[in-house]
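Here is a friendly tour of one protein model, arranged by topic. Have your viewer open as you read.

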Amino acid sequence: MHSSLHALPVLQDNVIWIWVRGAEAVVIDPAVAPPVRAWLEERQLSLAAVLQTHHHADHIGGTPELLQRWPEAQVIASADDRERIPFQTMPVRGGDHVTVLGETVEVLDVAAHTRTHIAFFLPNPEGAEIGPLLFCGDTLFSGGCGRLFEGSAEQMHQALQNLAELPEATQVCCAHEYTEANLQWAVAQQPNNTVLVERYREVRSLRAKGKLSLPSSIGVERRTNLFMQASSAAELGVLRSHKDQWRPV
C-alpha cells in the first residue's frame, strides 16, 4: 500500500500537507478546515491524524472543526504546548518515535520560531514516488527560516544544523510558500552566487505560472539557503535581523 503526498494551498501563502495511504490521510498544520474537509471527502478518505508543529493560529485553526467531522483522529503535538494546543491527543517531545499510518515518524525538537516547535521526519515512507519527508512547519523554509518570535538565534542555528544532517533527498515540506521572496532577498545579499541566482530564476518561473515551488529538499537548501549555511548563531542572527527589516527595491 503506497503513500502519496499532496500540497493544499490555503489563505494567502499557507500550504497544508496531506499524506495519504490507502483510504486514510494525515493532515499537517491545517490552518482552516473547509478546504481540507472538501479535499478528503471528494476522495472518500478518512482523517487518521493531524500533526501540529506549533501553536500559531494559522497552523492549528482548522483542527477543532476537522475533529468534529472525524472525532477519532489523533492530534499529535508537543507535550509542552498542551495549554496552547489543548485538543492534542498524543503529546510528544523531540526524540520520540510514533507510528502513523503504519510508518515510523521521528519527532524533532526545532524550537526557535516558537518556544515549543517540533518537526516530523519520515525516513522511509512506503511509496516509490516519495522519498524521506520532513514536515518542518515554520522552522526551515525554502530559501529561508522562521522569524524568532519566542526563541533565539542559537536555537535556530542548532535546529537548522540538525536538519542539514538529514538525507539530501529529504523533501522539505514547510508550511508557507515564501520561496520567491526568500530567494529575492538572498540574491540581493549574494548577487554573484550563480547557483542561488539560477534557483531564483527557476522559482520565479514556477510562481509566474501559478505553480508551487514546494516541496524543496535538504540538498537544495544546503546549496542555496543562507540561513542553513550560516557558520555560527551570530551570523544567523545578523542575517535574520537583516531579513526582518529588508524590503525589495
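Helix H1 (residues 34-42) lies across S1, strand S2 (14-21), strand S3 (24-28) and S4, and it runs at about 145° to S1. Helices (H or I, at least four residues) and strands (E, at least two) are DSSP runs numbered from the N terminus. Angles run from 0 to 180 degrees between N-to-C directions, and axes are lines fitted to C-alpha atoms, for helices over the stretch in contact. Please keep in mind that this is a predicted model: local features need pLDDT of at least 70, side-chain atom pairs count only at pLDDT 80 or more, and totals for chains, interfaces and linings use all residues. Residues are numbered from 1 along each chain as its sequence is written, and side-chain values use heavy atoms, with hydrogens and water left out.

- Six strands make up an open sheet of mixed pairing, in the order S1-S2-S3-S4-S5-S6; two strands pair if DSSP finds at least two bridges between them.
- Strand S1 (3-10) and strand S6 (90-92) are its edges, each pairing on one side only.
- On average, neighbouring strands of this sheet are turned by 20° against each other, direction ignored.
- Strand S4 (residues 46-51) and strand S5 (residues 74-78) run parallel and are joined by three bridges; Ala 49 has Gln 74 in S5 as its bridge partner.

- S7 pairs with strand S8 (residues 103-109) in the antiparallel sense over four bridges.
- Within that pairing, Val 98 has Val 105 in S8 as its bridge partner, and Val 100 stands opposite Glu 103 in S8.
- The two strands S7 and S8 form a hairpin with two residues between them, and Leu 101 in the turn has a positive phi of about 50°.
- S8 also pairs with S9 in the antiparallel sense, over four bridges, with Leu 108 opposite Ala 119 in S9.

**Pro 123**

- Pro 123 sits in the loop between strand S9 (118-122) and strand S10 (133-137).
- Its relative accessibility is 29%, so Pro 123 counts as partly exposed (buried means under 20% relative accessible area, exposed over 50%, partly exposed in between, with a 1.4 Å probe and protein chains only).
- Leaving aside neighbours within four places in sequence, Pro 123 is in contact with Thr 104 and Pro 132, where contact means heavy atoms within 4.5 Å.

**Helices H5 and H9**

- Helix H5 (residues 179-189) and helix H9 (residues 233-245) pack at an angle of about 115°, with axes 11 Å apart.
- Asn 182, Trp 185 and Gln 189 in H5 meet Leu 239, His 242 and Lys 243 in H9.

**Nonpolar cores**

- In the largest nonpolar core, of 59 residues, Val 100, Leu 134, Phe 135, Leu 140 and Leu 163 touch the most other members; such a core is a set of buried Ala, Val, Leu, Ile, Met, Phe, Trp, Tyr and Cys residues joined through side-chain atoms within 4.5 Å.
- Helix H4 (residues 153-164) supplies the largest share of this core, six residues.
- Apart from this core lies another, of 20 residues, among them Leu 8, Trp 39, Leu 40 and Leu 45.
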